[in-house]
Amino acid sequence: MKSEEVIESLIAKTKLINIQVENIKRCDLETLNWRENQNSWSILECIEHLNRYGDYYIPEIEKTLEKSNFKNEEDFNSGLLGNYFAKSMLPKENRNKIKTFKDKNPIHSKLDETVFYTFLKQQNILLDLLNRSKIVSLNKTKIKISISKFIKLKLGDTFQFYINHIIRHFDQIEKIKKLKNINF
């Protein structure tokens, strides 16, 4: 796939997510904290979970981008592991549950609307990083993943994984909205 097309697609997905957040954040705090049961996440917990991943990936990508000496190539070729991770994050009809790491699990945290401001700030930085990545190699620039400092993914795969992870949790938010009968 063309490197430029990959980045433009990810920018478009990120902008769409930002529009969704602007709509969601209009809900009252009680609705945002509603959960189906004691073991399920609320809307705010979904966003906070994403913030916790953003706290790792945003600085890691930024630091790596600043140091990258690899020039962009015309084509991006997803790696075997990176492609697997990215695709595994996409929502599926029969949702595949993935146990989250304790430090990334916000369940029963006391949360308010400020999680949206953190998220939107991270999203704006992400858009900037996507634009800045147009001049570096999506193939040769490597990012350490959050679960192991020894595994590195191609920058293009990392972006796809990270944004697919956000999409996954926005799908979860849509399911919460249906259960709670929230319309916006």
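Which handedness, left or right, does the crossing of α5 and α6 have? In this predicted model, the crossing of α5 and α6 is left-handed. The axes of α5 and helix α6, which spans residues 155–180, come within 12 Å and cross at roughly 150°. On the α5 side, the contact is made by F119, Q122, Q123, L126, L129 and L130, and these meet F159, Y162, I163, I166 and F170 of α6. Sorted by class, the residues of the contact of α5 with α6 comprise nine nonpolar, two polar and no charged.

Helix α3 covers residues 43–67 and helix α5 covers residues 114–132; their axes come within 9 Å and cross at roughly 30°. An angle under 35 degrees counts as roughly parallel, so α3 and α5 are roughly parallel to each other. The crossing in which α3 passes α5 is left-handed. From α3, the residues that take part are L44, I47, E48, L50, N51, G54, D55, I58, I61, E62, L65 and E66, and they meet V115, F116, T118, F119, Q122, I125, L126, L129 and R132 in α5. In the contact of α3 with α5 there are 12 nonpolar, four polar and five charged residues.

Helix α5 also meets helix α1, which runs over residues 3–24; the two axes come within 10 Å and cross at roughly 165°. Angles over 145 degrees count as roughly antiparallel, and α1 and α5 are therefore roughly antiparallel to each other. Their crossing is left-handed. The α1 residues in this contact are I7, L10, I11, T14, K15, I17, N18, V21, E22 and I24, while α5 contributes F116, F119, L120, Q123, N124, L126, L127, L130 and N131. The contact of α1 with α5 holds 12 nonpolar, five polar and two charged residues. F119 and L126 of α5 are listed in the contact with α1, in the contact with α3 and in the contact with α6.

Aromatic rings complete the picture. The structure holds seven aromatic pairs, and ring pairs join Y53, Y56, Y57, Y84, F85, F161 and Y162 into a cluster. Y162 of this cluster is also one of the α6 residues in contact with α5.

Methods
Residues numbered from 1 in each chain as written. Predicted model: local features only at pLDDT ≥ 70, side-chain atom pairs only at ≥ 80, totals over all residues. Heavy atoms only, no water. Phe/Tyr/Trp six-rings, centres within 6.5 Å; stacked < 30°, edge-to-face > 60°. Axes fitted to C-alpha atoms, helices over the stretch in contact; angles between N-to-C directions. Helix = DSSP H or I, 4+ residues; strand = E, 2+ residues; numbered from the N terminus. Parallel < 35°, antiparallel > 145°, perpendicular 65-115°, else oblique. Left-handed = near helix turned anticlockwise from the far one by under 90°. Contact = heavy atoms within 4.5 Å. Nonpolar A, V, L, I, M, F, W, Y, C, P; charged D, E, K, R; others polar.
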